[in-house]
Amino acid sequence: MGKNAVMSFVFWTFACLSFAAAKSEAEKVRAIIDRVNSSWQSRNKPEATPFWHVAAYHTGNMEAYRLTGNKQYLDYSMAWAEHNRWCGATSNDRSKWKYNYGEMQEHVVSAAASPTSPTGTPTTAAST
């Protein structure tokens with residue numbers, strides 16, 4: 001076996017072991033995410049408010065679902081969204097909606113929920 005063949009063998013062996021180690025690390029991280037998120041969900045009902053702190057959790061929960069494929073995560077966020085009727089403010093009377101920060105049912109999660117901002121100007125993605 002020539003020097004180049006040995007070097008090639010060593011390189012490819014190292015490359016394969018590195019890939020296997022990286023995959024193993026990714027699997028370890030997914031297992032930690034799965035363990036922590038499953039534990040949190042077992043202690044907290046999905047029927048929670050639609051406000052920013054809970055919504056921020058659900059953003060992460062959907063990423064955990066994407067990474068782990070654990071359908072319970074999707075079901076948990078769906079139950080939360082359905083509990084909150086897929087919106088923040090629950091009143092149909094938009095004249096009573098509040099666009100500033102607040103954690104009452106008349107506060108909308110985003111000004112984009114209304115066709116105009118509180119000042120009456122059209123809401124765009126750049127202005128929200």
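1. Starting at the N terminus, the elements of the chain run α-α-α. That is 3 helices and 0 strands. Keep in mind while reading on that this is a predicted model.

2. A word on confidence before the details. The chain has a mean pLDDT of 74, and 57% of its residues reach 70 or more. Among the helices, look at two: α1 (residues 3-43) is where confidence is lowest, at a mean of 75, while α3 (residues 71-83) is where it is highest, at 94. I'd go carefully with residues 111-128, where pLDDT stays under 50. The model has 22 contacts beyond four places in sequence for that stretch.

3. Some whole-chain numbers. The chain has 128 residues, and 20% of them count as buried. Take the contacts between residues at least 6 apart in sequence: 45% of these join residues at least 24 apart.

4. Now for α3. This helix has 13 residues, and from its first C-alpha to its last it reaches 18 Å, close to the 18 Å expected at 1.5 Å a residue. Which residues of α3 are buried? They are Y73, Y76, S77, W80 and A81. Seen down the helix axis, these buried residues fall within an arc of 130°, so they line one face of α3.

5. At its start, a side-chain oxygen of N70 comes to within 3.0 Å of the backbone nitrogen of Q72. After the helix comes R85, whose phi is positive, near 55°. R85 is a residue other than glycine with that positive value, and it sits in the segment after α3. Is R85 buried or exposed? It is exposed, because its relative accessible area is 52%, and the cut-off for exposed is over 50%.

6. On to the aromatics. The count comes to 3 aromatic pairs. In one of them, the rings of Y57 and Y76 have their centres 6.2 Å apart and their planes at 80°, so this pair is edge-to-face; the cut-off for that label is over 60 degrees. Y57 belongs to helix α2 and Y76 to helix α3, so the pair ties together parts that are 19 residues apart in sequence. Both Y57 and Y76 are buried.

7. Why does N61 count as buried? Because its relative accessibility is 1%, and buried means under 20%. What does the side chain of N61 make a polar contact with? Its partner is the side chain of Q41, at 2.8 Å. Leaving out residues up to four places away in sequence, N61 touches N37, Q41, Y73, Y76 and S77. Among these, Y73, Y76 and S77 are also on the list of buried residues of α3, and Y76 is the ring that pairs edge-to-face with Y57.

Notes. Residues numbered from 1 in each chain as written. Heavy atoms only, no water. Buried < 20%, exposed > 50% of the residue type's maximum accessible area, 1.4 Å probe, protein only. Polar contact = N/O pair within 3.5 Å; in protein donor to acceptor, adjacent residues only side chain to side chain. Contact = heavy atoms within 4.5 Å. pLDDT = per-residue confidence, 0-100. Helix = DSSP H or I, 4+ residues; strand = E, 2+ residues; numbered from the N terminus. Expected span 1.5 Å × (residues − 1). Arc of directions from axis to C-beta. Phe/Tyr/Trp six-rings, centres within 6.5 Å; stacked < 30°, edge-to-face > 60°.
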